[in-house]
Amino acid sequence: MADPKHPRHYDEAFKRQIVQSCESGKPSREIRAEYDIARSTPRRWVQGIRNSGSTRAMDNRTPEQNEPVGPGRHDRRLEMEVDVSEQAAPVFARR
């Protein structure tokens with residue numbers, strides 16, 4: 001199997017071939033052994049084809065999941081730090 005830090009990339013035709021094998025009744029265990037793919041991979045591809053007609057992960061996510069992690073999280077953390085600093089400033093000014 002592939003190294004988690006360096007995942008394999010498969011073309012669409014290969015993915016559809018695997019899905020077709022799964023849907024024809026070939027055991028998933030045999031497919032995984034024959035093509036040396038991870039346990040969840042065929043199941044994920046089959047589910048993607050059923051849901052959206054595509055095996056691409058981006059096509060099978062909600063719009064919220066496709067949005068990049070925005071600066072909102074970072075901004076909130078900075079706002080909290082500023083609030084804490086503003087609250088602590090009078091305490092340190094008295095000393």
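In this predicted model, the contact between α1 and α3 (contact meaning heavy atoms within 4.5 Å) brings Phe14, Lys15, Arg16, Ile18, Val19, Cys22 and Glu23 of α1 up against Pro42, Trp45, Val46, Ile49 and Arg50 of α3. Sorted by class, that contact has eight nonpolar, no polar and four charged residues; here Ala, Val, Leu, Ile, Met, Phe, Trp, Tyr, Cys and Pro count as nonpolar, Asp, Glu, Lys and Arg as charged, and the others, Gly among them, as polar. The two axes, α1 over residues 12-23 and α3 over residues 40-52, come within 9 Å and cross at roughly 95 degrees. Axes are lines fitted to C-alpha atoms, for helices over the stretch in contact, with angles running from 0 to 180 degrees between N-to-C directions. The pair is therefore roughly perpendicular, the label for 65 to 115 degrees (under 35 is roughly parallel, over 145 roughly antiparallel, the rest oblique).

As for α1 itself, its 12 residues reach 16 Å from first C-alpha to last, close to the 16 Å expected at 1.5 Å a residue; the expected span is 1.5 Å times one less than the number of residues. Its buried residues are Phe14, Lys15, Ile18, Val19 and Ser21, where buried means under 20% relative accessible area, exposed over 50% and partly exposed in between (1.4 Å probe, protein chains only). They sit on the same side of α1 because they cover an arc of only 160 degrees around the axis, taken from the directions from the helix axis to the C-beta atoms. Ala13 and Gln20, on the other side of α1, are exposed. The buried set packs against α2 (28-35) as well as α3. After α1 comes Gly25, with a positive phi near 105 degrees.

Over in α3 there is also Arg43, which counts as exposed because its relative accessibility is 54%. Its C-alpha lies 8.3 Å from that of Val19, 24 residues away along the chain.

Zooming out, the protein has five helices and zero strands; helices (H or I, at least four residues) and strands (E, at least two) are DSSP runs, numbered from the N terminus. Of its 95 residues, 16% count as buried. Among contacts with a separation of 6 or more, 46% involve residues 24 or more positions apart.

Residues are numbered from 1 along each chain as its sequence is written, and side-chain values use heavy atoms, leaving out hydrogens and water. Because the model is predicted, local features need pLDDT of at least 70 and side-chain atom pairs count only at pLDDT 80 or more, whereas totals for chains, interfaces and linings use all residues.
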